[in-house]
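Reader: I have a structure here and would like to go through it step by step. Could we begin once it is on the screen?

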Amino acid sequence: MKFGSRLCTLNVGGRRFFFPAELMKRLPLSRLSRLQRCVSESELLELCDDYDRDSNEFFFDRHSEAFSFIMLYVQHGKLRFVPHMCELSFYNEMLYWGLESADLQPCCQRRLDHRMSECFVHFFPEEPPPRGPWEEPPRGPAGEPRRWLETVRRTFEEPTSSILAQILASVSMLFVVISMVMLCASTLPDWKSAETLDQHRIIEAVCIGWFTAECIVRFLVSRDKCEFVRRPLNIIDLLAITPYYVSVAVTMLTGENSTLQRAGVTLRVLRIMRIFWLIKLARHFLGLQTLGLTLRRCHRQMVTLLVFIGVAMAIFSALAQLLEHGLDPEAGNHDYASIPAACWWVIISMTTVGYGDMFPVTVAGRMLGGVCVVSGIVLLALPITFIYHSFLQTYSELTLRAARRRRTATQATY
């Protein structure tokens, strides 16, 4: 579908909204941006209810007033509930267009959380229903069936979709564990012999080969190659795999001469980046997925928390340096000789009980330390409460979503 610069019309529940095609690409609504990537009318009809080619009009059988409020959010950056409309119904409209609860204003977020906890209801973005065995498989431009591509994609992307997917996920986790064990063991003094290093290189090459093949297959069967490259987990995979090939290439080009010796520090830094493979476990463990999604939804609260800590560090470190060292530079506490040095004591005191490596000795400094500790408790408690509730909600959503996928896969099997 080539929209060019034509004017697009969205008919939502009988009400028309007009947009230039270029503007639709930039709207923060995933369903509208996906419309621009459709290559056939059949793909278009998977995202909208009907399409008029002559007038370039898309039809959506959705709530028009809710979409009007969503467009107000697009224009002004503030999303609130439609008056006299059920919060759950409006949230369902949000998910349909590609928004999340984090896009709501804080007051509306609290209303939604309270409403969902009362009704024990969870909504998810709409997914296309599984095809039955009687339906004709989708065909590509060349007329060949694409069902096997979708099967391979689900096998590699969704570990709970089939038994084969679970086996591949288990093998992938096994290689991650083996790689991490070898990475840790390679730093032991007893593992520095030539024979042990050769065995380590063989095991490392096997693990890298598996990860490389897995990444290539997932890239080839992905629906959107650009979206695949932009995903955080795929970027982490690339960062974890690339250092091995860089180190092998440098070794082949320079051998064991002085050039390699000068590059030794760089190679060690590249090899230690393999620790990112642990994040690959997020594909298979719900807890890591919950953590990542919670941080993404609560990025504003995390920024607020960092700002609180930064302001407190600036204030308390300056006062601590003055009370412990600044008033008597010669006989004062030399651990607080500078404000940056005092910042370490402030951050440790605010977030933990302290290491004890440095502590105030004057009466005024100890009083300041007490205020610093109490302030840390208060400042950390303010945004963490919202992050905690978001974590519980996210974990519940992902648990129900995983259960629904397993149920769908079981129904498709039978």
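Reader: Where is His84 found?

Author: This is a predicted model. In it, His84 is found in the loop between helix H4 (64–76) and helix H5 (87–97).

Reader: Is His84 buried or exposed there, and why?

Author: His84 counts as exposed, because its relative accessibility is 88% and the cut-off for exposed is over 50%. The backbone of His84 also has a positive phi of about 65°, although His84 is not a glycine.

Reader: At what angle do H4 and H5 pack?

Author: H4 and H5 pack at an angle of about 65°, and their axes are 10 Å apart. H4 passes H5 in a right-handed crossing.

Reader: Which residues make the contact between H4 and H5?

Author: From H4, the contact is made by Ala66, Phe67, Phe69 and Ile70. H5 contributes Phe90, Glu93, Met94 and Trp97.

Reader: Which phi does Asn56 have?

Author: Asn56 has a positive phi of about 55°, although Asn56 is not a glycine. Its place is in the loop between strand E3 (50–52) and strand E4 (57–60).

Reader: And is Asn56 buried or exposed?

Author: Asn56 is buried, with a relative accessible area of 0%. His84, by contrast, counts as exposed.

Reader: Changing topic: how many helices and strands are in the protein?

Author: The protein has 17 helices and four strands. Of its 414 residues, 36% are buried. Among contacts between residues at least 6 apart in sequence, 61% join residues at least 24 apart.

Reader: What span should helix H14 have?

Author: H14 covers residues 286–297, which is twelve residues, and at 1.5 Å a residue they should span 16 Å. The end C-alpha atoms of H14 are 16 Å apart, which agrees.

Reader: Which residues of H14 are buried?

Author: The buried residues of H14 are Thr290, Leu293, Thr294 and Arg297. They cover an arc of only 105° around the axis, which puts them on the same side of H14.

Reader: Why do residues three or four places apart in an α-helix point the same way?

Author: An α-helix has 3.6 residues a turn, so residues three or four places apart point the same way.

Reader: How do H15 and H16 pack?

Author: H15 and helix H16 (residues 339–351) pack at an angle of about 120°, with their axes 8 Å apart. The crossing of H15 and H16 is right-handed.

Reader: Which residues of H15 and H16 make the contact?

Author: On the H15 side they are Ile309, Ala312, Met313, Phe316, Ser317, Ala318, Ala320 and Gln321. On the H16 side they are Ile339, Ala342, Cys343, Trp345, Val346, Ile347 and Met350.

Reader: What does Gln321 touch?

Author: Not counting residues up to four places away in sequence, Gln321 touches Gly326, Tyr336, Ala337, Ser338, Ile339 and Ala342. Gln321 is found in helix H15 (residues 299–326) and is buried, with a relative accessible area of 17%.

Reader: How far apart are Gly370 and Met350?

Author: Gly370 and Met350 are 20 residues apart in sequence and 9.8 Å apart in space, C-alpha to C-alpha. Gly370 is found in helix H17 (residues 363–413) and, at 34% relative accessibility, counts as partly exposed.

Technical notes. Residues are numbered from 1 along each chain as its sequence is written. This is a predicted model: local features need pLDDT of at least 70, side-chain atom pairs count only at pLDDT 80 or more; totals for chains, interfaces and linings use all residues. Side-chain values use heavy atoms; hydrogens and water are left out. Helices (H or I, at least four residues) and strands (E, at least two) are DSSP runs, numbered from the N terminus. Buried means under 20% relative accessible area, exposed over 50%, partly exposed in between (1.4 Å probe, protein chains only). Contact means heavy atoms within 4.5 Å. The expected span of a helix is 1.5 Å times one less than its number of residues. The arc is that of the directions from the helix axis to the C-beta atoms. Axes are lines fitted to C-alpha atoms, for helices over the stretch in contact, and angles run from 0 to 180 degrees between N-to-C directions. A crossing is left-handed if the near helix is turned anticlockwise from the far one by less than a right angle, and right-handed if clockwise.
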